[in-house]
Amino acid sequence: MTATQTANKVPVVSLPQTELLTLNVSDVPLLKDALGPGINFQPLFLDPEIGIWSILGTFAPGVELPIHLHTGGVHGYTFKGEWIYKEYPDQPQTAGSYLYEPASSVHTFAVPETNTEDTVVLFIVNGANVSFTEDGQFHSVLDAVTVQKLTEQCAQAQGLGPVKYLTGGTAKYTTE
């Protein structure tokens, strides 16, 4: 049975799906030191049109990201290691922790220097992270478009060739 035949069996209009959109994380290279020393990631899903991006982040002990504001909600699942938001030191995220961050939340991601292993976290981000310096000045924006460009730049610099990840639709005219 084809995907189109399956779609025709339900009483709603649906998009035809000709293939299952899937990838194996072990086939996606780790982009090392992508946002600084010890900040590595694997892009899994990047859709710049709707602003959703999923990455598997691998963070070395002692890594800290700038304070940032989320423009949309974020889901995080910790596979390995430990991390905290500096603003909530009594709520460490450890292997098996699931976290939801609502839009407009502000915090500072940090991995304890005492960790004996890298920390691995799956983040599913809606919108952007708007980062600031210690004195509250604008630092940078990290969103699906930026992560897409960062993926290309890191892969090229690290001699990896094109990196396969999933993505959403593409804007175009209906007559094309």
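Phe41 stands opposite Gly57 in β2. The model is a predicted one, in which local features need pLDDT of at least 70 and side-chain atom pairs count only at pLDDT 80 or more, while totals for chains, interfaces and linings use all residues. Residues are numbered from 1 along each chain as its sequence is written, and side-chain values use heavy atoms, with hydrogens and water left out.

**The sheet**

Strands are DSSP runs of E with at least two residues, helices are runs of H or I with at least four, and both are numbered from the N terminus. Two strands count as paired if DSSP finds at least two bridges between them. Strands of a sheet pair through backbone hydrogen bonds, either parallel or antiparallel.

Here 5 strands form an open sheet in the order β1-β2-β10-β4-β7, with antiparallel pairing. At its edges are β1 (39–47) and β7 (98–101), each of which pairs on one side only. From one strand to the next the twist averages 15°. Helix α2 (residues 144–157) packs on the sheet and touches β1 and β2, and its direction makes about 120° with that of β1. Such angles run from 0 to 180 degrees between N-to-C directions, with axes fitted as lines to C-alpha atoms, for helices over the stretch in contact.

| β2 and β10 | antiparallel | 8 bridges | Phe59 and Thr119 |

The hairpin of β1 and β2 has 4 residues between the strands, and Gly51 there takes a positive phi near 75°. Because 7 of the 8 residues of β2 are buried, this strand is largely enclosed by the rest of the structure. Buried means under 20% relative accessible area, exposed means over 50%, and partly exposed lies in between (1.4 Å probe, protein chains only).

**Two buried residues**

Gly38 lies in the loop between α1 (3–7) and β1. Its relative accessible area is 13%, so Gly38 is buried. Not counting residues up to four places away in sequence, Gly38 touches Asp33, Thr58, Phe59, Ala60 and Val63; contact means heavy atoms within 4.5 Å. Gly38 and Val63 are 25 residues apart in sequence, and their C-alpha atoms are 6.5 Å apart in space.

Gln93 is in strand β6 (residues 93–94). Gln93 counts as buried because its relative accessibility is 11%. Leaving aside neighbours within four places in sequence, the residues in contact with Gln93 include Thr78, Trp83 and Tyr98.

**The largest pocket**

The largest pocket has a volume of about 470 Å³. A pocket is an open set of points on a 1 Å grid over the protein atoms alone, with protein on both sides within 12 Å along at least five of seven lines, whereas a cavity is a set where a 1.4 Å probe fits but cannot get out; lining residues have an atom within 4 Å of a point. Grid points are joined across faces, edges and corners, and the volume is the space filled by probe spheres set on the points.

Of the 26 residues that line the largest pocket, Leu35, Leu65, Asn129, Ser131 and Leu142 are the closest to its centre. Strand β12 gives the largest share of the lining, 4 residues.
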